[in-house]
Amino acid sequence: VNVWEHSGKYLEPAIFQQLKDEPDTVVLDVRNKVEWEVGKFKNAVALPIDHFRDLPQFLPELEPYKNKKVLAYCTGGIRCEKATAFLLENGFREVHHLHGGIIEYGKQTGGKDFDGKCYVFDERITVEVNEVNPTLISHCHRCGTLSARMVNCANPECNNHFAMCEECGWKYDGTCSDSCQQHPRKRTYDGSGYYVKGKGQEAGTRNQDVRR
């Protein structure tokens with residue numbers, strides 16, 4: 001896509017907040033599944049993509065919104081440039097995107113109606129956004145309790161990135177399945193679920209490819 005020729009119109013956070021609940025308006029999350037599972041705008045359309053590059057595959061699912069007002073958003077606003085350009089090039093009539101993304105929305109509006117936490121790409125992993133009506137929406141992969149605590153599977157050949165409560169972390173050695181817990185190359189779980197290359201057992205890194 002050519003973001004210089006096609007791009008959605010910027011919406012400042014306060015305007016985005018005003019428009020998101022209007023009739024014939026669709027709020028579209030263009031992030032990946034790992035990100036929106038831990039937090040997203042209330043009633044947002046979220047696609048089951050593993051990588052941002054997979055978004056075009058879901059164009060048929062987005063076709064019903066072609067004549068609606070689409071309000072796209074992502075973490076900081078960068079991916080929306082390409083996503084909105086892609087939609088416009090494929091016949092969507094009115095496309096906007098949140099200027100500054102979720103992070104700026106939280107700073108300027110208090111984060112009203114953003115459910116859960118915002119996934120970020122540093123050692124914090126998730127951050128609070130909503131100071132108005134906060135809630136949790138993600139569940140522990142093992143027991144199903146509400147949890148926004150994200151870990152990588154201790155099995156380096158899996159390295160799955162998922163939500164896991166602290167109790168299950170210790171109970172299952174930071175693994176996502178029984179087979180991973182029994183894996184001979186399982187890394188030592190220290191309570192964080194974060195593994196750094198070159199330290200301790202053969203290590204994997206935090207799954208940082210979710211935005212690609």
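Good morning. I begin with Tyr105, which is buried at a relative accessibility of 0%, where buried means under 20% relative accessible area, exposed over 50% and partly exposed in between, with a 1.4 Å probe and protein chains only. The model is predicted, so local features need pLDDT of at least 70 and side-chain atom pairs count only at pLDDT 80 or more, while totals for chains, interfaces and linings use all residues. Residues are numbered from 1 along each chain as its sequence is written, and side-chain values use heavy atoms, with hydrogens and water left out.

What does Tyr105 pair with? The rings of Tyr105 and Phe16 have centres 5.9 Å apart and planes at 75°, so this pair is edge-to-face. Rings of Phe, Tyr and Trp (its six-membered ring) pair if their centres lie within 6.5 Å; planes under 30 degrees apart count as stacked, over 60 as edge-to-face and the rest as tilted. The two residues are 89 apart in the chain, Phe16 in helix α1 and Tyr105 in helix α5. Helices (H or I, at least four residues) and strands (E, at least two) are DSSP runs, numbered from the N terminus. Phe16 is also buried, with a relative accessible area of 0%. Ring pairs join Phe16, Phe41, Tyr73, Tyr105 and Phe114 into a cluster.

I turn now to α5 as a whole. Its buried residues are Gly101, Ile102, Tyr105, Gly106 and Thr109. They lie on the same side of α5, because they cover an arc of only 160° around the axis, the arc being that of the directions from the helix axis to the C-beta atoms. These buried residues pack against α1, β3, β5, β6, β7 and β8, where contact means heavy atoms within 4.5 Å.

Where is Thr109 placed? Thr109 belongs to helix α5, residues 101-109, and has a relative accessible area of 17%. Its side chain reaches the backbone oxygen of Tyr105 at 2.7 Å and the backbone nitrogen of Gly111 at 3.1 Å. Such a polar contact is a pair of N or O atoms within 3.5 Å; within protein, one must be able to donate a hydrogen and the other to accept it, and residues adjacent in sequence count only if both atoms are side-chain atoms. Leaving aside residues up to four places away in sequence, Thr109 touches Pro13, Ala14, Gln17 and Val132. After α5 comes Gly110, with a positive phi near 85°.
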